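Visitor: I have a few questions about how the terms are used here. Can we take them one by one?

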Amino acid sequence: MHKVIEGNRLKVLRGSSAMSPDALVNSIIGMNSGSTLIQVFNISKVINELHLQAAYANAIEAFSEGTNISKKLYIEFLLFAAMTRQIGTATRLFRIEDTKQFIVASNKSSALHAAMKFVKLSKFRASSERELQVAKTFGIDSDYALLNRRILQKMAVSRLQD
């Protein structure tokens, strides 16, 4: 389990594309397979890089322990990122509204390279003010020093709720 996480560290990047939101999502989802995970997120709902890295680690752990809700890793990842057990809630929360600016996360450089045929990628940076603002959309009200701890706590508790 740890080998999967260490050997395939999640890369979180900003993306933009000329595709429609539905075409973009369908193209990205079609790239998921066995050990390859790639997912897109509404940028306004991603707190910071740790938010998605923790969701990925939790999704891997859920599959390893047999506690996964979905049969697909990219959906389990989405559930942890949304901090919910409800697939519909998670997909609505992260729905791509603007293909000029979204987040792409993948555990494989090869998937990111393939996505570059239709997605322009750049570094994702979030200001501390933005991180705190987005965290509030998940019910996380925290000062910056405790923000990452609160994200991890909320994600863990999400499996016990809904």
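**Charges, fold and one glutamine**

Guide: The protein chain carries 22 positive and 13 negative side chains, and the centres of the two sets lie 5 Å apart. Keep in mind that this is a predicted model.

Visitor: What makes a side chain count as positive or negative?

Guide: Lys and Arg count as positive, Asp and Glu as negative; His and the chain ends are left out. On that basis the totals are 22 and 13.

Visitor: Which pattern does the protein chain follow along the sequence?

Guide: The order is α-β-α-β-α-α-α-β-α-β-α-α. That gives eight helices and four strands.

Visitor: Why is the protein chain called as compact as a globular protein of its length?

Guide: Its radius of gyration is 15 Å. The C-alpha trace spans about 40 × 35 × 30 Å along its principal axes.

Visitor: Why is Gln 39 called buried?

Guide: Gln 39 has a relative accessible area of 4%. Buried means under 20%. Gln 39 therefore qualifies. Of the 162 residues of the protein chain, 43% count as buried.

Visitor: How do you know that the side chain of Gln 39 makes a polar contact with Tyr 74?

Guide: A polar atom of that side chain lies 3.1 Å from the backbone oxygen of Tyr 74.

Visitor: What else does Gln 39 touch?

Guide: Gln 39 sits in strand S2, residues 38-42. Beyond four places in sequence, its contacts include Ile 28, Phe 77, Leu 78 and Ile 103.

Conventions: Residues numbered from 1 in each chain as written. Predicted model: local features only at pLDDT ≥ 70, side-chain atom pairs only at ≥ 80, totals over all residues. Heavy atoms only, no water. Helix = DSSP H or I, 4+ residues; strand = E, 2+ residues; numbered from the N terminus. Rg over C-alpha atoms; globule rule 2.2 N^0.38 Å. Buried < 20%, exposed > 50% of the residue type's maximum accessible area, 1.4 Å probe, protein only. Charge placed at Lys NZ, Arg CZ, Asp CG, Glu CD. Polar contact = N/O pair within 3.5 Å; in protein donor to acceptor, adjacent residues only side chain to side chain. Contact = heavy atoms within 4.5 Å.
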